[in-house]
Structures are given as C-alpha cells and as structure tokens.
Amino acid sequence: MDQNILNTHKELVEKCKLGDRIAQHKLYMLYIDAMYNVCKRIVKIDEDAEDIIQDCFIEAFGKLSSFRYESTFGSWLKKIVINKSINHLKKRKIQIVPLNNEIYHLKEETIENSPKMDIKKVSKGIELLPAGYQQIINLYLIEGYDHVEIGEVLGITASTSKSQYHRAKKKLIEIINRL
Amino acid sequence: MDDFEKHIRENKALFDFHEADKSKIWKNIEARLDKPQPKPKVIRLINYPFLKVAAVFLIGLGLFFIANITTSNTEKSEVAQELIDIDMHYKGLLSYNVKLLNKNSSLTTEQKEEFLSFMDDLDVEYEALKKELLRGLDSEIVLEAIVANYKKRIELIENLLKQINSSEKNISNDKETYIL
C-alpha cells in the first residue's frame, strides 16, 4: 500500500501517542461515525454498540504505541471494532456462522451475475438474512474483508467462509427480489 | 466479483446511515482516559495455604543456616583461642624441659641431639593436628590430641632427666659407699 495512504492522519496519531487529549478528540471525531456503523451492523443494538465503541477507542488509545503504520489507522481501528463486536456476539451466544457451515461447502456453487440493486433494499435484505449469514455478507461486501480474514475473525476456514458467502449472497438476492 | 458486489462496494458509504451519539460516547471515553490506569494485577501467592507452609519452611531453613554459620564462626574463634592457650602453656613447659636437658652434663651433645630427634616426629604430628583443626573436624578430640602430643614430649624429657638424676644419685651413693 502507498506509504502516503498508510500515513493518513500520522501527525494526529503521533500526538495521540503522547496522550494529547485534543488530538485524541480530533481522531475520535474523524472515525467515530464509520466505526459506530461497523459495530452497529454487527451487534444491532444501539446501547451495545455504544459500549463496544467506547471500549474500542480506549483500547486503541491505550495501545497506540504498538501502531507502526503497517496499515492505515482506520483499518487498524476497524479490526479492533470488528473483533470486539464479534466477541460480544460470541459472549451472548448469538449465532455468527450458519449451523451447517462445515457440511455443505464441498461443492462450488455457480453464481449468477447479479444485477445492481438499490442500496436501501440491500441493507433491508441483509437485516432479513438469517443471523449466521449476516456477518459474512457484512464482512465481505461492506467491510471489504477477504475470506482468510473472515475465517480468522469468525473462527472458520477460508473455504467455509467462501462457500457460506455464496450461499448468503444467493439468499440475499432472493430476499431483495421479494421486497 | 460480479456487478452486484462491485455496486455494493462502490457504494458502501451509503450503508453508514447510523449516527452515533458522539458527545455522549466521548464523555464516557474521556472519563475513562482520565482515570489512572489500573495497577498490574498482583497474584497473592501467599493466599494459598500450601505456599504459606512452604514459605515458613524456607524462612526456617534460612534462619537455621544463618544460626549455624554464626555458631560455627563463634566455635571456630573459641577453638583458635583454646589452641593459643594450649600452645602458650605447653610450649613454655616444653622449652623449660629442653633447657634442663641441654644443661645436663651427664649426656654428651650427640646423645642429647639423638634423644631430641624424636621431637621432629612429634612436631610433624603437631602440625598435622593443627591442620585437622582448620578442616573443622571434631575440635575437642583434636585439641586433646595436641595436648597429648605436648605431654608426651614433656614426659619423655622428664623421664630421661629422672633416669639421669637417679643414676647420678646411685653413682654418688656408690661413691659415698666407696668413700665410706
């Protein structure tokens, strides 16, 4: 990745490393909405999302000294948010992957080229997906994670993630078409 | 990646329609940032009963060794002082007896030297006993052996002197008899 992109908000991040409260607030204001939305898409409940986001920023400011610009600050922070949000679901024993994840993924499914759709309908369709499919769709389509990263976060193999994503996408398109 | 996926990824910003209560969340974050960081968790091992026993045992063992070393040092200094006292007493007696023997005119110088040569053997024995003391062997027995060593040397000289004196008396008696 281009070093200029990796160094986005570097000056602000460096001030935050020194504990500069004004810089911390500026950085917070830059990322709060994006991070809140990432979290809200996963945990659904406003209060839970607020608590998790607080924890994420506290953790991020706390271990900022270990941030070495190997990724952008945003993707580093997003990783914290996604991990904390998924862990929250795990603690609540909320399903994060489909129950039949290991059984039916051997055969590669053919994917029809899906048409462009209204984003509002897509968003509504994701909400109507079974809980186990929602996380894979969110992580792959919206957060831009690849299947290896999704596998690490959800505790499944990359191939399971791939097959479940295709099933989830097929289901999503069916739902959207009915809306 | 098909058109559906591309379309979503290109428009993913449109999924961010939730709005956070920024000031409320920041207030909570700031309050937590102001709090002093929690101290690292200390695991109080001493709370475990078996560790208490082990700790008491180790402390006891330590005290025993310290006491032992102190006692041992005290004992060593006592033994050294005792050896000095023994040396002072018996060396004086021994040199007195050696002088008496040397003054005696009944024996020739060669005879005296031959007799006193046994002293060399006893000197070797004395040095060996001193080494035993330094090695920390049973000091009481070694000190007794040193005293015995001195006594033997003195006794031998005394016996010799007695024998010389008694023979001189006999000679003088004989002389008297002879005179008488």
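A salt bridge here is a side-chain nitrogen of Lys or Arg within 4 Å of a carboxyl oxygen of Asp or Glu. By that criterion the structure holds 15 salt bridges over all chains. This is a predicted model, in which local features need pLDDT of at least 70 and side-chain atom pairs count only at pLDDT 80 or more, while totals for chains, interfaces and linings use all residues. Residues are numbered from 1 along each chain as its sequence is written, chains are lettered from A and ligands numbered from 1 in the order in which they are written, and side-chain values use heavy atoms, leaving out hydrogens and water.

**View 1. Chain A, nine helices and zero strands.**
Helices (H or I, at least four residues) and strands (E, at least two) are DSSP runs, numbered from the N terminus. From the N terminus on, chain A reads α-α-α-α-α-α-α-α-α. Of its 179 residues, 50% count as buried. Buried means under 20% relative accessible area, exposed means over 50%, and partly exposed lies in between (1.4 Å probe, protein chains only). Chain A exposes about 9,200 Å², with carbon and sulfur atoms supplying 52% of it. Areas come from the Shrake-Rupley method with a 1.4 Å probe; for residues, only the protein chains shown count as cover. Among chain A contacts (heavy atoms within 4.5 Å) between residues at least 6 apart in sequence, 68% join residues at least 24 apart.

**View 2. The A:Glu14 and A:Lys17 salt bridge.**
The N to O distance is 3.2 Å. Both residues sit in helix H2 (residues 10–17) of chain A; they are three residues apart, so about one helical turn separates them. A:Glu14 is partly exposed at 31% relative accessible area. A:Lys17 is partly exposed too, at 29%.

**View 3. The A:Asp46 and A:Lys40 salt bridge.**
The closest N and O atoms are 3.2 Å apart. A:Asp46 is partly exposed, with 36% relative accessibility. A:Lys40 is buried, at 12%.

Side chains of opposite charge can pair when their charged atoms come close. Within it, A:Glu143 and A:Lys78 meet at 3.6 Å, N to O. A:Glu143 lies in the loop between helix H7 (131–142) and helix H8 (147–154) of chain A, and A:Lys78 in helix H5 (residues 73–91), so the pair ties together parts that are 65 residues apart in sequence. A:Glu143 is buried, at 6% relative accessible area. A:Lys78 is buried at 15%.

**View 4. A:Arg41 and its neighbours.**
A:Arg41 is in helix H3 (residues 21–43) of chain A. Its relative accessibility is 9%, so A:Arg41 counts as buried. Its side chain makes a 2.8 Å polar contact with that of B:Asp16. A polar contact is a pair of N or O atoms within 3.5 Å; within protein, one must be able to donate a hydrogen and the other to accept it, and residues adjacent in sequence count only if both atoms are side-chain atoms. Not counting residues up to four places away in sequence, A:Arg41 touches A:Asn138, A:Ile142, A:Glu143, B:Phe15 and B:Asp16.

**View 5. Chain B and a nonpolar surface patch.**
Chain B has six helices and zero strands. Of its 180 residues, 23% count as buried. The chain exposes about 13,700 Å², 59% of it from carbon and sulfur atoms. B:Phe57, B:Leu58, B:Leu61, B:Phe64, B:Phe65 and B:Ile69 form the patch, with about 650 Å² of accessible area together. Patches are made of residues with over 30% relative accessible area and no salt bridge; like charges are joined within 9 Å, nonpolar side chains (Val, Leu, Ile, Met, Phe, Trp, Tyr) within 5 Å. B:Leu61 lies in helix H3 (residues 49–103) of chain B. B:Leu61 is partly exposed, at 35%.
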